[in-house]
Amino acid sequence: INNFFVSLWGNDYSFSQATSATVSFSLLSYSYIFTSAYDALKNPKLQWWKIPKRYKQNLPVRIEAMNHKKVLTSTFDISKTGTFLSSMTPYTKNLMNDLHIGEHINLYISTEKGDIQVQGRVVRKEFKARGDYPQGMGIEFSHLDLMKTFQIKSLLTNMGV
């Protein structure tokens, strides 16, 4: 609409220049909307640039999964959306073999102020160390209510984050 008025009353651009600029912009916008970029804007899981910073912190964690099977392990790193649990014992390795990607587990993260109980979903399993990361599994926190979110953020803040 602006380009229409610019072409009618403006002295800088002719009607054909303003019209061609409008058509070009519309075609470029149309091609952008129907690409994977639009999918990334709609789906937060594809927004890699918004991945929260991870902080290396070794915190004791109890895992409760599969008919109340409990295993003690520790975090390798933690963020506000999840944690990577390192496999330190044969029990943890056995549990990691039994769990499937997408399976839900209960985590009890031990802190100085007590345990933080969160539900998580297995999103990654590493059976061999890669780079700085040991073998273990990536857990995405799920079904976090406001209180749990506050506890996790408070934990990260208390770490000097």
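The model is predicted, so local features need pLDDT of at least 70, side-chain atom pairs count only at pLDDT 80 or more, and totals for chains, interfaces and linings use all residues. Residues are numbered from 1 along each chain as its sequence is written, and side-chain values use heavy atoms, with hydrogens and water left out.

**Exercise 1.** Find how the rings of Phe 76 and Tyr 133 are arranged.

*Solution.* Start with the rule: rings of Phe, Tyr and Trp (its six-membered ring) pair if their centres lie within 6.5 Å; planes under 30 degrees apart are stacked, over 60 edge-to-face, and the rest tilted. A search of the whole structure gives three aromatic pairs. For Phe 76 and Tyr 133, the centres are 4.9 Å apart and the planes meet at 55°, so this pair is tilted.

**Exercise 2.** Is Phe 84 buried or exposed?

*Solution.* Buried means under 20% relative accessible area, exposed over 50%, and partly exposed in between (1.4 Å probe, protein chains only). Phe 84 has 4% relative accessibility, so Phe 84 counts as buried.

**Exercise 3.** Which residue lies over the face of Tyr 133?

*Solution.* The test asks for NZ of Lys or CZ of Arg within 6 Å of the ring centre and within 35 degrees of the ring normal. Arg 124 lies over that face, 5.5 Å from the ring centre of Tyr 133.
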